[in-house]
Amino acid sequence: MALRLYNSLGRKISDFKPMKEGEVRMYTCGPTVWNYAHIGNFRTFVSEDILRRYLIFKGYRVTQAKNLTDVEDRIIEGMKKTGKSLAELTDFYADAFMQDLDALNIQRAEAYPRATRHIPQMEAMIKSLLGSGHAYRAEDGSIYYSIRAFKRYGELSGVKVEELKEGARVSADHYEKMGAHDFALWKAWDASDGDVFWESELGKGRPGWHIECSAMAIEYLGESFDIHTGGKDLRFPHHENEIAQSEAVTGKRFAKYWLHSEFLRINGVEMHKSLGNMVTLRQLMERGWKPRAIRLFLISAHYRDELNLTDESLQQAKTNITRMDTFARRLREAVVDGRGSEGVSQSGTFLKEFERAMDDDLNVPEALAAVYGFQRAVNSLLDSGKLSRPGRDAAVEALERADSVLGVMQPEKAPPISAHVEQLILEREEARRRRDYRRSDEIRAQLKEEGITIEDKPGGGTSWKTD
């Protein structure tokens, strides 16, 4: 089964076909580094990490750019409140963001472009838009994009240009659909901007938010690329505006696939600054929740379904992590027979189920169900003493393969014991089957002297650990 993804542009699921065979170029809208990213942001970033990992799992070579917005309205407000410079404020929160990515085991992108380091690319795009008639200069010197000049404006979000007020403009970076108007590409400086400005042929000012991502995406991935991702809240206006300004400059399709993750709620309520219920990853960790459990919670629902954060949901994720660890430890310590192949076929079946689920628009809940079912099947073989050494090795390899996508299990490899110790353990198992308990105890004592403790399971089977 081919990988199938839901494309927000067109609103349907279709087979994923990259523009160049074997390669995927992917742009991820990163954070505005004015504060710590909240847990809703990380729901999106973890979903995008799953996409990246699964593309690699499928054999694609992935090039991902994830921007850091380090000049924007909220950053200027943060500078005023804290008294910090632009660099001091944004560098601090950019570093914090990278630390949070590592805590959640989110793979690093190939590039993390920062807006302030790509002003020339933005200026070039704006000059092109002015020249083509897609942009104009307003009375205050700011430059706006004329959305009526782009005939396909609204294809991604559903906004209908013909219903909008003629000549209306919006200078703010963030606004709702009912406020869909011509948007700012270059904001002329005024006193409220303080020392945040660039002297440019466009005039003294700074870029609008939307042009930043267009310029950086094209710089690192080219004029057309495969996948653009972000949260549902970015579909309008940010991504709609990116399409309009980018395609007006290049005359080419900007991104082929658009993927958007759903919102995260807190105790059933939408998370919003005005409600005072914003929660950061760091706050959850300060309350004692481990990053692995938080990551498992964040992938526990399909990325296009809403996710509800509660103590109960985090506790369930914590319990599942404990079960995964217990299983991995049991698999590592199990004494298995080198003969036969019991367990090998189950590993192959599991990987097929896992891939089938992931091919279905990244259906992680179904993939996790396959993981849990596989653990039960292997535990049953361990309980009965039927798991073979090839079966154990295949199980470990299958779990490692699945976890290269999920990033939560961290299964351990088969134990590095010597052939001599392994032979003694198998000899003791044979003695127990013959009811030769004297010889069994002699071998136990011999292994103890060599730093190996043997544990016999009530239902049969043996495990070991080093002292």
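Predicted model: local features only at pLDDT ≥ 70, side-chain atom pairs only at ≥ 80, totals over all residues.

Me: Let's start with Q375. Is Q375 buried or exposed?
Reply: Q375 has 7% relative accessibility, so it counts as buried. Buried means under 20% relative accessible area, exposed means over 50%, and partly exposed is in between, with a 1.4 Å probe and protein chains only.

Me: Where is Q375 found, and what is it in contact with?
Reply: You'll find Q375 in helix 11. Helices (H or I, at least four residues) and strands (E, at least two) are DSSP runs, numbered from the N terminus. Leaving aside neighbours within four places in sequence, Q375 is in contact with M324 and F327. Contact means heavy atoms within 4.5 Å.

Me: OK, big picture. How many helices and strands are there?
Reply: The protein has 14 helices and 16 strands. Its C-alpha trace spans about 100 × 50 × 40 Å along the principal axes. Of the 467 residues, 52% count as buried.

Me: What about the aromatic rings, how many pairs?
Reply: The count is 18 aromatic pairs. Rings of Phe, Tyr and Trp (its six-membered ring) pair if their centres lie within 6.5 Å; planes under 30 degrees apart count as stacked, over 60 as edge-to-face and the rest as tilted.

Me: Why is the pair of F16 and Y257 tilted?
Reply: The ring centres of F16 and Y257 are 5.0 Å apart and the planes are at 55 degrees, so the pair is tilted. F16 lies in the loop between strand 2 (12–15) and strand 3 (23–28) and Y257 in strand 11 (residues 255–261), so the pair ties together parts that are 241 residues apart in sequence. F16 and Y257 are both buried.

Me: And why is the pair of F350 and F374 stacked?
Reply: Their ring centres are 4.5 Å apart with planes at 5 degrees, so F350 and F374 are stacked. F350 is in helix 10 (residues 344–359) and F374 in helix 11 (residues 364–384), 24 residues apart. F350 and F374 also belong to one aromatic cluster with Y54, F57 and F354.

Me: Switching topic: which strands form the open sheet?
Reply: Four strands form it, in the order 4-3-10-11, and the pairing is parallel. Two strands pair if DSSP finds at least two bridges between them. The edge strands are strand 4 (61–66) and strand 11, and each pairs on one side only. Strand 3 and strand 4 pair over six bridges, and M26 stands opposite Q64 in strand 4.

Me: Last one: which residues have the most contacts inside the largest nonpolar core?
Reply: Those are I39, F42, L55, L298 and F354, in a core of 128 residues. A nonpolar core is a set of buried Ala, Val, Leu, Ile, Met, Phe, Trp, Tyr and Cys residues joined through side-chain atoms within 4.5 Å. Not counting residues up to four places away in sequence, L298 touches I39, F42, R43, V46, L104, L264 and L307.

Methods: Residues numbered from 1 in each chain as written. Heavy atoms only, no water.
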